[in-house]
Amino acid sequence: MDRLAQCRACLAADPFLYLPLGDHAPAQMLIRPEDIDKKQPAFGLNTQVCLNCGLIQVADQIPPDFFRHYLYVPSGAATMHAHFAELADRLFALAGRDGLIVDIGCNDGLMLAAANALGAKTLGVDPAANIAELANKRGVEVHLDYFTPRSAEILRAQRGPAKIIATSNTFNHIGDLHTFMKSITVFLSGDGYFVVEVPRAKEMLERNLFDNMYHEHVSQFSLLSIVKLGEFFDMEVVDVDPLPKIHGGSMRVFLARKSAGKQRQPIVGKMLQEEKDGGMLERTSYVELVKRVDAIGAELRTMLSRFREQGKKIVGYGASARGNTLITYYGIGRDYLEFLVDKNPLKQGLHSPNTRIPIKPVEAIAQERPDIVFVLAWNFFDEIKVQQSAFLARGGKFVIPLPRPMIVG
Ligand SMILES: [Zn+2]
C-alpha cells in the first residue's frame with residue numbers, strides 16, 4: 001500500500017494526505033551506466049500528516065531484502081564529525097564509565113569511536129556488514145543484526161541492561177515504531193535513557209522542507225508525536241536539545257521510564273507548546289505549505305530556464321536522497337542540469353535515480369567550469385561556499401532552492 005491507514009506513532013486513523021509527490025525510485029538507488037536504459041522500480045511517495053500528533057509520514061514500501069538485489073549507496077557521514085563528538089560527550093556524561101552506551105544504526109561507528117576515546121563502554125547495532133566493517137576498523141564493536149525484541153533479549157543477556165540507547169537519524173527510517181519501542185524497553189535499564197536524534201517536523205512545515213521525505217526516510221517527527229508514542233510504553237520525554245544546524249533543523253530527545261521518576265526539563269513543555277502554536281495539528285497549515293512548495297518549484301524552473309536561455313552551463317551540487325526528492329518532484333532533470341557532483345566516491349560514475357543525471361567528483365566544477373551551480377545539498381551550503389571560493393571568484397553563481405529560492409554570487 002502506498003499510503004498509511006493509521007499513524008505509526010499514536011495509531012490515530014487516516015492521516016491527512018497533503019502532498020502526493022508522485023512515483024519515486026528509492027532515493028539511494030543510484031543507477032550504474034550499464035543499467036541506464038532499464039526501468040527502475042518506483043513507488044508512490046505520498047506525504048501524510050497525523051493531525052492528532054503532528055507526525056509527518058509516508059508508507060514504508062520497500063521490501064526488507066530489496067537492496068540485496070539492487071545497487072545501494074549509503075550517504076557519507078564525513079561532515080558529521082563535530083556533531084558526533086558532541087553527542088558522545090553528552091551521552092558519556094549521563095552513562096559514566098560503567099554504563100553501557102548502545103548506538104542503534106551505528107553506521108560507520110563515528111559516534112561510538114568518540115565515546116570510546118572518552119573511556120565509555122559501547123556497543124553498536126547495525127545490520128549492514130560492509131558498514132560494520134568500517135566501524136570495526138575504528139575499534140567499535142558491532143552486533144550485526146536488526147534491532148528487534150529478540151535481538152534486544154540476546155544483547156541484554158550477554159551485556160546486561162543498557163544505560164543509554166541512542167539512535168541518530170535512524171528512528172526516522174523505521175516503519176514499525178511500536179515493535180522498535182518494545183525492543184528498547186527490553187534492553188534499557190530501569191534508570192536508563194533512550195536518546196533519539198531526528199529532523200524536526202516543525203522545521204519542515206515552517207521552512208518548506210518537503211525534500212526531507214523519501215522512501216527510506218518514512219517519518220518526520222514532531223516532539224508531540226514522540227511524547228504520544230512513549231506513552232504506549234510507559235516512557236516519557238524528560239529533556240530535548242534543539243539541533244538547529246543538523247539536517248536543516250533537528251532535535252535530540254531524551255526518553256526515560258515513567259517509573260524512574262526523572263524530572264522533566266522546562267524546555268520540553270516549551271517546545272510542545274511551540275508546536276501547537278505553530279499549527280502543527282491543523283489541516284490548513286499543510287494546505288498552505290503545499291501552495292508554498294509548488295510556488296517555489298515554479299520559481300526555480302523559471303530561474304533555471306532563464307539561465308539556460310542565456311546559454312549558461314548549469315550543474316547540480318549533491319546527489320543526496322533529499323536532493324533526489326527535490327529534483328524529481330520539481331521536474332528538474334537532465335534538460336536543466338548537465339551533471340551532478342558529489343563528494344562520496346561511491347556515487348561518482350553512477351546516475352541519479354529517477355532523473356538519471358550523471359554524477360561526477362566535485363573537481364568537475366573546476367575542470368568543466370559551469371556558470372551556475374544548483375545546490376541540492378543546500379543544508380551544507382555554508383561548507384560548499386567555502387570549498388567553492390574559486391568558483392565564486394571567477395563569477396560563478398549558486399542557486400539555493402530552499403527554504404526559498406535565492407541566487408548567491
Ligand atoms: Zn499520530
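Which strands does helix α10 lie across? I started my notes there: α10 (residues 283–309) lies across β12 (314–317), β15 (372–375) and β16, and runs at about 140° to β12. For that angle, axes are lines fitted to C-alpha atoms, for helices over the stretch in contact, and angles run from 0 to 180 degrees between N-to-C directions. Contact puts two C-beta atoms, placed from the backbone, within 7 Å. Helices (H or I, at least four residues) and strands (E, at least two) are DSSP runs, numbered from the N terminus.

**Ground rules.** This is a predicted model, where local features need pLDDT of at least 70, side-chain atom pairs count only at pLDDT 80 or more, and totals for chains, interfaces and linings use all residues. Residues are numbered from 1 along each chain as its sequence is written.

**Sheet.** I traced an open sheet of six strands in the order β14-β13-β12-β15-β16-β17, with mixed pairing. Pairing here takes at least two DSSP bridges between two strands. At the edges I found β14 (359–360) and β17 (406–408), each pairing on one side only. Strand β16 (residues 397–400) pairs with β17 in the antiparallel sense over three bridges, and V399 stands opposite I407 in β17.

Leaving out residues up to four places away in sequence, L91 touches I101, A115, I164, A166 and V195.

**G109.** Is this loop residue buried or exposed? G109 sits in the loop between β4 (100–104) and α3 (110–118), and it counts as buried because it has 28 C-beta neighbours inside 10 Å. The cut-offs are 20 or more other C-beta atoms within 10 Å for buried, 12 or fewer for exposed, and partly exposed in between, with C-beta atoms placed from the backbone. Beyond four places in sequence, G109 is in contact with G124, L134, A135, R138 and V140. I also noted 9.8 Å between the C-alpha atoms of G109 and V125, 16 residues apart along the chain.

**Whole chain.** I count 14 helices and 17 strands in the protein chain. Of its 409 residues, 47% count as buried.
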